Amino acid sequence: MMPPNPRDAVLLAAAAALLLAPETARTQAVSDAGADPDPRPPAGPRMEATAFAGVLAPLSRLTADPETFETEISSSALFGAEGTWWPRRRLGVALQGVWAPAQLSLIPTDFTGALPSDLGSADYLAASAEVRYRVALPPEVSVVRPYLALGGGVRRLDVQAIASPEVTDATDPMATAAAGAHVRLAGRFELRVELRDRVTIYGSPTGGEDRVQNDLGVSVGLAVRRF
């Protein structure tokens, strides 16, 4: 048997290398993908569910009757939940509900008559639907996904009988504007932070004046993505 020609051996080795190169490249690509997966969510439809807590801070007086006294909703804790559907990578639709165990505070004026010492609680409930737009960031900042939101809904204010007739229960239309961000934690879990303004108009039962209400909310929550 003739010994193999060195030139033929080199040609055989080169041919084997060419045949193995695609498989090696594919294996390397799979390994790289497993080591550093794309942090962005897929482009297809997906859902997010979030539970959150924060602070409600109303900025406006609720009523301002010069013949009696002024009232305002106190700052308080805020609790809520939301669900968001993202039919596209940057465009989503969200439903949100919140509750705040606020108090109704009395603000003295020049009124010289007897004033109640306590106006009781003012349970604050709000439900809204909105459109969200996810702001694009450079790929190296993919761990943070900010968004902007606009929408509307209703606000329900439940007060105690002691606050009547100056303040009564009311359900009012509401406009909302928000800015927030999701911060990737692990797996499908994310930290969600948000600043939101809820705008309503409350009609005073005795003063006859409609007052614009700006109720700010700052919240932090835990979000879970479901693809």
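## Strand pairing

Glutamate 130 stands opposite glycine 151 of β7 in this predicted model. The two strands β6 and β7 run antiparallel to each other and are joined over 13 bridges. β6 also pairs with β5, again in the antiparallel sense and over 13 bridges. Here leucine 95 has alanine 129 of β6 as its bridge partner.

In soluble globular proteins, nonpolar side chains tend to be buried together. What does that look like here? The largest nonpolar core holds 21 residues, and those with the most contacts inside it include Leu62, Leu104, Tyr124 and Val159. At least two core residues come from each of β1 (46–58), β5, β6 (121–134), β7 (144–159) and β8. Which strand gives the most to this core? That is β5, with four residues.

Tyrosine 124 deserves a look of its own. Leaving out residues up to four places away in sequence, tyrosine 124 touches Leu56, Ile73, Val98, Trp99, Ala100, Arg155, Arg156, Leu157, Arg198 and Asp215.

## One aromatic pair

The count of aromatic pairs comes to one. The ring centres of phenylalanine 79 and tryptophan 99 are 6.0 Å apart and their planes meet at 25°, so the pair is stacked, since planes under 30 degrees apart count as stacked. The pair links distant parts of the chain, with phenylalanine 79 in β4 (residues 76–86) and tryptophan 99 in β5 (residues 91–107), 20 residues apart.

Are these two residues buried, exposed or in between? Phenylalanine 79 is partly exposed, at a relative accessible area of 40%. Tryptophan 99 is partly exposed too, at 38%.

## Charges over rings

Arginine 134 places its charged end over the ring of tryptophan 86, 3.9 Å from the ring centre. Arginine 192 has its charged end over the ring of phenylalanine 52, at 4.6 Å from the centre.

## Histidine 182

Histidine 182 belongs to strand β8 (residues 170–186). Why does histidine 182 count as buried? Its relative accessibility is 1%, and buried means under 20%.

Which side chain makes a polar contact with that of histidine 182? The partner is glutamate 190, at 2.7 Å. With neighbours within four places in sequence set aside, histidine 182 is in contact with several residues, among them Glu48, Thr50, Val143, Tyr147, Leu191 and Ala223. Arg134 and Arg192 are also on that contact list, and these are the arginines whose charged ends sit over the rings of tryptophan 86 and phenylalanine 52.

Methods. Residues numbered from 1 in each chain as written. Predicted model: local features only at pLDDT ≥ 70, side-chain atom pairs only at ≥ 80, totals over all residues. Heavy atoms only, no water. Phe/Tyr/Trp six-rings, centres within 6.5 Å; stacked < 30°, edge-to-face > 60°. Buried < 20%, exposed > 50% of the residue type's maximum accessible area, 1.4 Å probe, protein only. Lys NZ or Arg CZ within 6 Å of the ring centre and 35° of its normal. Polar contact = N/O pair within 3.5 Å; in protein donor to acceptor, adjacent residues only side chain to side chain. Contact = heavy atoms within 4.5 Å. Core = buried A, V, L, I, M, F, W, Y, C linked by side-chain atoms within 4.5 Å. Pairing = 2+ DSSP bridges.
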